[in-house]
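Dear colleague,

I am handing over the structure below, and after it I set out what was found. Please read the notes alongside the coordinates.

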Amino acid sequence: MLRSWFMRRGSVKTTIGGAIILFMFFITILSVFWTPCDPEKTDLALRLSPPVAGHIFGCDQLGRDILSRTMVGGQVSLMIALLAVLGTAVLGTVLGVVGGFFGGAVDNVVGVLAELKQALPTFLICILFLAVFGSSILSMVIILALADWVSIYRTVRGNTLVEREKDYVLATRTLGATDKRLIFRHVVPNVLPSVIVLSTLLIATTILQESSLSYLGVGVARPYPSWGRMISDGQAYIDGAWWVACIPAFAVATTVIGINVLGDGIRQMTKME
């Protein structure tokens, strides 16, 4: 009965988190084809105007529609986060499987790289990288993909060490299976569930990192809108025009909460299986 309760709890979390994320993704994808207003159209007569008909979330300091810019800003923030986490998952999984399966010098080298990565201040490294190579979408994806690979690497390496010593793997090896077959047919499928859970949770972390970098002014350069830059631009008007900063901040918070709830639900359901 207790197991069933936890299963239902995980299912509820997955449903709620999935619904939130699907809604945010729907709004973001919709903005590719349609927005209530032109997100780049300025109208100084509407500068810092509060929510009114036609501009339900108000306008910013240049008279641009906040809702439209928030929708379009999601394209940048979510695209960077998804691509960066995909890169993180691939890098962490490859290094974890290779290091855990083969061990020896390969494992030692990757382990040293992981320790060095953990010793460095990630956020400062991101700022330095973007300052040197420029604040393009590609630069953001690369540096954010390199920011969190250690967590996936360590989890995958631990799971691989367990899998390679199991009887079915030893029996398959005895029958003449190659290392390539063992890795792709037996090891990788068994470590993928943990990679999926970790990657889901890392999307939320990456969105926060991208928003923080954009807030500091080293994120994606204009004219691309992003949630972090919108929050930064609206901070100066928070007293009299709270909607300029709070609407994109609400979008960030909603997305991150939805992803965390979804990831936690998937983790609970995976543990119960």
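**Cavity and salt bridges**

A search of the whole structure finds one cavity of 30 Å³ or more (a set of points on a 1 Å grid over the protein atoms alone, where a 1.4 Å probe fits but cannot get out; lining residues have an atom within 4 Å of a point). The model is predicted, so that local features need pLDDT of at least 70 and side-chain atom pairs count only at pLDDT 80 or more, while totals for chains, interfaces and linings use all residues. Residues are numbered from 1 along each chain as its sequence is written, and side-chain values use heavy atoms, with hydrogens and water left out.

The largest cavity has a volume of about 60 Å³, the volume being the space filled by probe spheres set on the points, which are joined across faces, edges and corners. Its lining consists of Asp60, Gln61, Arg64, Ile66, Arg69, Met230, Asp233, Gly234 and Val244.

Three of these lining residues, Asp60, Arg64 and Arg69, also belong with Glu40 to a network of salt bridges (a side-chain nitrogen of Lys or Arg within 4 Å of a carboxyl oxygen of Asp or Glu). Arginine 64 meets aspartate 60 at 2.9 Å, N to O, and both are buried, that is, under 20% relative accessible area, where exposed means over 50% and partly exposed lies in between (1.4 Å probe, protein chains only). Glutamate 40 meets arginine 69 at 3.2 Å, N to O; arginine 69 is buried at 6% relative accessibility, whereas glutamate 40 is partly exposed at 38%.

With regards

Conventions. On a 1 Å grid over the protein atoms alone, a cavity is a set of points where a 1.4 Å probe fits but cannot get out, and a pocket is an open set with protein on both sides within 12 Å along at least five of seven lines; lining residues have an atom within 4 Å of a point.
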